[in-house]
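Please find below a briefing on the structure shown here, arranged by topic. The points under each heading are meant to be read with the sequence and the model side by side.

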Amino acid sequence: KVQHYVDLALPDISNSGSPWSRSLVMIDLAFSLIRPKEADLDRAAELVLGALSISAGRPIISVQQRTSEFVRDATHRWGSIRQVSAIRDAASTLEVR
């Protein structure tokens with residue numbers, strides 16, 4: 001269901017010109033992929049890394065906070081595996097404004 005609503009919202013979000021909104025929606029979608037029993041960590045990690053690259057030039061604190069929450073939840077479930085480490089590394093390079 002989350003993917004369906006994201007698909008409906010993304011055109012408007014993309015047209016708004018807000019990289020932060022797009023990043024936040026992508027991170028929220030990634031969360032939805034790691035919560036079910038049949039989680040898709042690979043796809044979720046791709047989404048978070050993509051979200052970070054979208055707003056990398058001018059990140060905001062909410063992108064960093066949601067990324068940290070994602071890392072926390074994924075680490076709790078899987079430990080510090082490759083996908084989680086890649087997100088942690090990418091997030092650590094952000095200069096939040």
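**Helix H5 and its two sides**

On H5, the face turned away from the buried side carries Arg82 and Ser92, both exposed, where exposed means over 50% relative accessible area, buried means under 20%, and partly exposed covers what lies in between (1.4 Å probe, protein chains only). Helices (H or I, at least four residues) and strands (E, at least two) are DSSP runs, numbered from the N terminus. The model is predicted, so that local features need pLDDT of at least 70 and side-chain atom pairs count only at pLDDT 80 or more, while totals for chains, interfaces and linings use all residues. Residues are numbered from 1 along each chain as its sequence is written, and side-chain values use heavy atoms, with hydrogens and water left out.

- The buried residues of H5 are Gln83, Val84, Ile87 and Ala91.
- Viewed down the axis of H5, these buried residues fall within an arc of 100°, so they line one face of the helix; the arc is that of the directions from the helix axis to the C-beta atoms.
- The cover over the buried residues of H5 includes H3 and H4, as judged by contact, which means heavy atoms within 4.5 Å.
- Serine 92, which lies in helix H5, counts as exposed because its relative accessibility is 58%.
- Between serine 92 and serine 68, 24 residues apart along the chain, the C-alpha atoms are separated by 9.8 Å.

**Overall architecture**

- Along the principal axes, the C-alpha atoms of the protein fill a box of roughly 35 × 35 × 15 Å.
- Of the 97 residues in the protein, 35% are buried.
- When contacts between residues at least 6 apart in sequence are considered, 69% of them join residues at least 24 apart.
- The accessible surface comes to about 5,700 Å², of which 52% belongs to carbon and sulfur atoms; accessible areas come from the Shrake-Rupley method with a 1.4 Å probe, and for residues only the protein chains shown count as cover.

**Helix H4**

- Helix H4 (residues 61–78) has 18 residues, which at 1.5 Å a residue should span 26 Å, and its end C-alpha atoms are 25 Å apart, which agrees; the expected span is 1.5 Å times one less than the number of residues.
- The buried residues of H4 are Val63, Thr67, Phe70, Val71 and Ala74.
- Seen down the axis of H4, its buried residues fall within an arc of 100°, so they line one face of the helix.
- An α-helix has 3.6 residues a turn, so residues three or four places apart point the same way.
- Arg72 and His76 are exposed on the other side of H4.
- Packing against the buried residues of H4 are helix H2 (19–34), helix H3 (41–54) and helix H5 (82–92).
- Threonine 67, which lies in helix H4, counts as buried because its relative accessibility is 1%.
- Leaving aside neighbours within four places in sequence, threonine 67 is in contact with Ile27, Val48, Leu52, Ile87 and Ala91.
- Alanine 74, not counting residues up to four places away in sequence, touches Ile34, Leu41, Gly79 and Val84.

**The largest nonpolar core**

- The largest nonpolar core has 26 residues, of which Ala30, Ile34, Val48, Leu52, Phe70, Ala74 and Ile87 touch the most other members; such a core is a set of buried Ala, Val, Leu, Ile, Met, Phe, Trp, Tyr and Cys residues joined through side-chain atoms within 4.5 Å.
- Helix H1 (2–16), H2, H3, H4 and H5 each supply at least two residues of this core.
- H2 gives the largest share of this core, 8 residues.

**The loop between H3 and H4**

- Serine 55 is placed in the loop between H3 and H4 and is buried, with a relative accessible area of 1%.
- Apart from neighbours within four places in sequence, serine 55 is in contact with Pro19, Trp20, Ser23 and Val63.
- Glycine 57 also has its place in the loop between H3 and H4, but glycine 57 is exposed, with a relative accessible area of 57%.
- Glycine 57 and arginine 22 are 35 residues apart in sequence and 14 Å apart in space, C-alpha to C-alpha.
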